[in-house]
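Subject: Handing over a structure

Hello,

I am passing a structure on to you, and I hope you enjoy looking through it. Please open it first and then read on.

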Amino acid sequence: PESTSKPQPHRCPESSFVVGAMNLFRLAGDMLHLASILLLVIKLHKSKSCVGVSCRMQEMYAIVFCCRYLDLLWSFISVYNTVMKLVFITTTLYLVWLMRCKTPICQTYERSSDSFPYEMYLLGPCFLLGLLCTEEYTIPDVLWSSSIWIESVAIVPQLVLLQSIHEVENLTSDFVGCMGAYRMLYILNWVYRYFAEDFVNVTGWIGGLVQTALYCDFFYYYAKSKWYGSKLVLPGSE
C-alpha cells in the first residue's frame, strides 16, 4: 500500500478503509503485492535456495517501506492500513535476512551475480528527485517523495540478475510477474480515482509509469512462457 507522511486530501493513503479511498483496483493491487512477497517466501523455504532472486532488490524495497511508512509512528488510518504496512516492512526485512544470514539459503546467494550497485546509481538521484518534487520540505515528506522514485527503479537489480542466468524458475518468474501486475492495477486505480474523486498525484503517477515501463519487456517473455507452458528464458541468458 502506498502511504503519506500525514493524511491529506490531495494525497490519500493507497490502502485504508476510508470512505471513498478504497476501490477494487487498489485492493487487488495490494493483494497481488502481498502475493508476490508470499510467493518469494514460499520459494526460499521450499527450495532452500535463493538462486535467481535479487537480495539487492529486497534491500531497495526495505528502504522504500521504511521511508514511506514513517507515519506509523504518529498516524492511524485504519486497522487494514496499519497491518499491511507492518506486513510489508517485516516480510521484506525477513527476506533480506533469509538471503543474507539464514543457512542453508544464504549459502546459495551469489553476490557476484546480484551485483547491480543501486547505492551508487539509483539512491542518490532518487533522493534528489524526492527533494525536488516534495510538496513540503519536512523530513517525512521528502522521504515519502523519495520512496516513490526508489520504488520506480527497485526492480532493476532483479531484472539485471535475471538477464545473467540461463532459465528463470517458475516461482521466481511468478513473483516478478505479480510485482509488475500489482503496479498496473495501481495505475488503473489512479485512473479511476482521477475521474471519480479528482485525485491528482503527479509524482506517484510518473514513478508508477516508470516502474511499469521497466516491466514491459519482462512481461512479454513471461506471457510467452505461460502461453507455451515453458520456463521463462530471457534474451541474453543463453
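Predicted model: local features only at pLDDT ≥ 70, side-chain atom pairs only at ≥ 80, totals over all residues.

**Cavities**

Three cavities of 30 Å³ or more are present in the structure. The largest cavity holds about 50 Å³ of space. Which residues line the largest cavity? They are His 33, Ile 37, Met 57, Gln 58, Tyr 61, Phe 65, Thr 92, Phe 175 and Met 179. Three helices each give at least two residues to this lining: H1 (24-47), H2 (55-68) and H8 (170-197). Helix H2 provides the largest share, with four residues. Sorted by class, the lining has six nonpolar and three polar residues, and no charged ones.

**Aromatic rings**

There are 14 aromatic pairs in the structure. One of them joins Phe 116 and Tyr 121, whose ring centres are 6.2 Å apart; their planes meet at 45°, so the pair counts as tilted. Are the two partners buried or exposed? Phe 116 has 19% relative accessibility and therefore counts as buried, the cut-off being under 20%. Tyr 121 has 51%, so this residue counts as exposed, with the cut-off there being over 50%.

Elsewhere, ring pairs tie Tyr 61, Phe 65, Tyr 69 and Phe 88 together in a cluster.

Do take a look at helix H6, which covers residues 139-153 and includes Ser 145. Ser 147 belongs to helix H6 as well. Ser 145 has a relative accessibility of 1%, so it counts as buried. Ser 147, at 0%, counts as buried too.

For Ser 147, the contacts are Val 64, Cys 67 and Arg 68.

Terms used: Residues numbered from 1 in each chain as written. Heavy atoms only, no water. 1 Å grid on protein atoms, 1.4 Å probe; cavity = no way out; pocket = protein on both sides within 12 Å on 5 of 7 lines; lining within 4 Å. Points joined across faces, edges and corners; volume = space filled by probe spheres on them. Nonpolar A, V, L, I, M, F, W, Y, C, P; charged D, E, K, R; others polar. Phe/Tyr/Trp six-rings, centres within 6.5 Å; stacked < 30°, edge-to-face > 60°. Buried < 20%, exposed > 50% of the residue type's maximum accessible area, 1.4 Å probe, protein only. Contact = heavy atoms within 4.5 Å. Lists of a residue's contacts leave out its neighbours within four places in sequence.
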